[in-house]
Amino acid sequence: MKILVAIKRVIDYNVQIRVKEDGSGVVTDNVKMSTNPPDDNAIEEAVKIKESGKAKEVVAVSVGDEKVQETVRKALAVGADRGILVKTEGIIEPLAVSKILQKVVDKEKPDLVFMGKQAIDDDCNQTGQMLAALLNWPQATFASKIEVKDKILQVTREIDEGLETIEVNIPAIVTCDLRLNEPRYASLPNIMKAKKKPIEQINASDLGVDTRPRIEQIKVEEPPKRKAGIKVASVEELVQKLKNEAKVI
Amino acid sequence: MSVLLIAEHNNKEIKPFTLNAISAASQINEDVHVLVLGSNSDSVAKSISEVPNVKKVVHINNSIYENYLAENYTSVIVKIAENYSHIICSANTFGKNLMPRVAALLDVSQVSDITKVISEDTFLRPIYAGNAFATVKTNDKIKCITIRPTSFDPAPSSGGSAEIQNNDPSDATTLSKFIKKEEIKTDRPELGTARVVVSGGRGMQSGENFKLITAVADKLNAAIGASRAAVDAGYITNDHQVGQTGKVVVPDLYIAVGISGAIQHLAGMKESKVIVAINKDGEAPIFSVADYGLEADLFDALPKFLEELNKLNTIQK
């Protein structure tokens, strides 16, 4: 079995982002970038399945500019066998990413495609489901547990009401939730080894996919600031304030 | 052209957020049709037909729609989509799972999780965990939109009498199969719609200690929330998680206990009307969004808080 894992390079989750003064987006120059957190869970799960003997190869794929190579390299350092970088410029919407990934799937013929459930930059939560639609494969979104059985996957999904278990035929798309596993750190020897693993570079334009954005981003602005609150000295004062000032209890 | 809203329900009753989605839909266009896909779901179709904002209910009643399988839902939605200018549903786990599959088959770039309708093609949506807001305009012929339920008031639920049209189902999927749902039943208000939410974080130190939260929540008729750290640590189940990848809540009162206030947690609660933070670390980021901050050990403060609440003659419900 072969597992393709799609990953995205995003602004690190610990960075307090800044909106550009001209309202054209957020500042990304000289900002720490990392792998989208649930994508780390996706890589970890694929590598674990390989280590259990149920998969032969794990391929990491990402879409973006040259710098995205670092993100792919990191996936290789935690156990992916090889990488693919599909080079694009500018804003690429989830629909375009899923069309690019569809072409990669056509070529690589994986049995499973894993990715994070949502990217923490645009917060769209679309790509996995869109790719599943384009391929006419089943989708198991927000996975917190995956069991590989013969020709099917049993997946536990985190939903608003609690947990749901479904079975999907292989090939399938799985989008991973944060509680699926505990992503490992790359060891120094593995980081060194990863430098020798191949990363194939493909230009999106050679795949015949129209990646032009369909959505116009008119402006990006900061959210309204909350008025600074106060510190109360005691529980008694807190309750009095909630009762008589805020009038919420 | 009309807008099509996909109803979320449990085959007996509509889920409350469907009413919020109906009000968002009617801000886009008053001609709102609602699609009810369900099994033995006549009562759902009927109650939606009584929502005054709804002009027509399209009901497809078949056992294949008993559980939400996006593969089953999608084919039938795509079939009728060309009659509509917009396809809309809530940006909760129901809509997040479903809508992109529909959008991709229609070759549409979806607009996720909108918090405001600016015009029929222009919307406001949070990005970067709500640390920025983008105004976006979609040029697709059919627009696929998911709405953030807590940003829209629920539509009134009675007084209307829309026509109910019964349609035929599509073929059942063989790609996926529903096995089971483990739903946590509770008498408490739902986290997403509760007037008061009391949340615990890593500072609670154990699942057992959440009983301190429960006692306060009981007194205030509140829902119980949690930070991702508390859920990851196994103190409480995932359906309680508030944050960027959990639930977004906008209660009148949000009480954060032992929660430091990571960016991703703030994303889920900072629109609350009044925020209280109880934390022994005076530098914790949660205090930057709190209206009332109490720098104290929660294990002293929570029992005292309950004691003070008990002294009050009345408590709003």
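Just after helix H4 of chain A, Asn136(A) adopts a positive phi of about 55°. This value, like everything that follows, belongs to a predicted model.

The buried residues are Thr127(A), Gly128(A), Gln129(A), Met130(A), Leu131(A), Ala132(A), Ala133(A) and Leu134(A). A residue is called buried here when 20 or more other C-beta atoms lie within 10 Å of its own.

What do the buried residues of H4(A) pack against? Within chain A their partners are H3, strand E6 (112-116), E7 and strand E10 (172-176), while from chain B they are joined by helix H3 (70-81) and helix H4 (93-105).

## Two helices of chain B

The two helices of chain B that pack against the buried residues of H4(A) also meet one another, for the axes of H3(B) and H4(B) come within 9 Å and cross at roughly 45°. That angle makes H3(B) oblique to H4(B), and the crossing is right-handed.

On the H3(B) side of this contact stand Ala70(B), Tyr73(B), Thr74(B), Ile77(B) and Val78(B), which meet Asn97(B), Leu98(B), Arg101(B), Val102(B) and Leu105(B) of H4(B). Sorted by class, the contact has 7 nonpolar, 2 polar and 1 charged residues. The spacing along each helix can be read with a general rule in mind: an α-helix has 3.6 residues a turn, so residues three or four places apart point the same way.

## The interface between the chains

Taken as a whole, the interface brings 64 residues of chain A into contact with 74 residues of chain B. Several elements of chain A each supply at least two residues to the side that touches chain B, among them helix H3 (94-108), helix H4 (127-135), strand E7 (139-148) and helix H6 (235-245). The largest share of that side, 8 residues, comes from E9(A), and by class its residues divide into 31 nonpolar, 13 polar and 20 charged.

## Chain A as a whole

Chain A contains 6 helices and 13 strands, and its C-alpha atoms fill a box of roughly 65 × 45 × 40 Å along the principal axes. Of its 249 residues, 48% are buried. Among the contacts in chain A with a separation of 6 or more, 69% are between residues 24 or more positions apart.

Definitions and conventions. Residues numbered from 1 in each chain as written. Chains lettered and ligands numbered in written order. Predicted model: local features only at pLDDT ≥ 70, side-chain atom pairs only at ≥ 80, totals over all residues. Contact = placed C-beta atoms within 7 Å. Helix = DSSP H or I, 4+ residues; strand = E, 2+ residues; numbered from the N terminus. Nonpolar A, V, L, I, M, F, W, Y, C, P; charged D, E, K, R; others polar. Buried ≥ 20, exposed ≤ 12 C-beta atoms within 10 Å, placed from the backbone. Axes fitted to C-alpha atoms, helices over the stretch in contact; angles between N-to-C directions. Parallel < 35°, antiparallel > 145°, perpendicular 65-115°, else oblique. Left-handed = near helix turned anticlockwise from the far one by under 90°.
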